[in-house]
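Trainee: Could we go through this structure together? I would like to begin with its surface.

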Amino acid sequence: MMYLTLSVAGHLTIFQARTRGPFWSIPTRPVSSYWRCLGTQVVATLIAGFGIFMTHWGWRYAALVWGYALVWFVATIA
């Protein structure tokens, strides 16, 4: 769970810290940021969900990690 938490929360922190205002106020280049971030998060979620190179925790815990990271992302926008 820690692997997926670090991966998801780390990328969300990058999007949050790159602007002074809301993260959506300055768009990024689609190819460089959003698609690469989305790709790495899909891979990280698949690794955690299927238990590749790590203990199999299942999809319920992967969803829990995503929810936890997104709640804190939204809570710290202000």
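Trainee: Which residues make the nonpolar surface patch?

Mentor: This is a predicted model, in which local features need pLDDT of at least 70, side-chain atom pairs count only at pLDDT 80 or more, and totals for chains, interfaces and linings use all residues. Residues are numbered from 1 along each chain as its sequence is written, and side-chain values use heavy atoms, with hydrogens and water left out. The patch, of about 1000 Å², is made by Tyr34, Trp35, Leu38, Val42, Leu46, Phe50, Ile52, Phe53 and Trp59. Like charges are joined within 9 Å, and nonpolar side chains (Val, Leu, Ile, Met, Phe, Trp, Tyr) within 5 Å. Areas come from the Shrake-Rupley method with a 1.4 Å probe, and for residues only the protein chains shown count as cover.

Trainee: Which helix gives the largest share of the patch?

Mentor: Helix H2 (residues 30-50) does, with 6 residues. Helices are DSSP runs of H or I with at least four residues, numbered from the N terminus. Tyr34 belongs to H2.

Trainee: Why is Tyr34 called partly exposed?

Mentor: Because its relative accessible area is 36%, between the limits for buried (under 20%) and exposed (over 50%), with a 1.4 Å probe and protein chains only.

Trainee: Now Trp72: where does it lie?

Mentor: Trp72 is in helix H3 and is also partly exposed, at 47% relative accessibility. Trp72 and Ala9 are 63 residues apart in sequence, yet 8.6 Å apart in space, C-alpha to C-alpha.

Notes
Patches are made of residues with over 30% relative accessible area and no salt bridge: like charges are joined within 9 Å, nonpolar side chains (Val, Leu, Ile, Met, Phe, Trp, Tyr) within 5 Å. A salt bridge is a side-chain nitrogen of Lys or Arg within 4 Å of a carboxyl oxygen of Asp or Glu. Helices (H or I, at least four residues) and strands (E, at least two) are DSSP runs, numbered from the N terminus.
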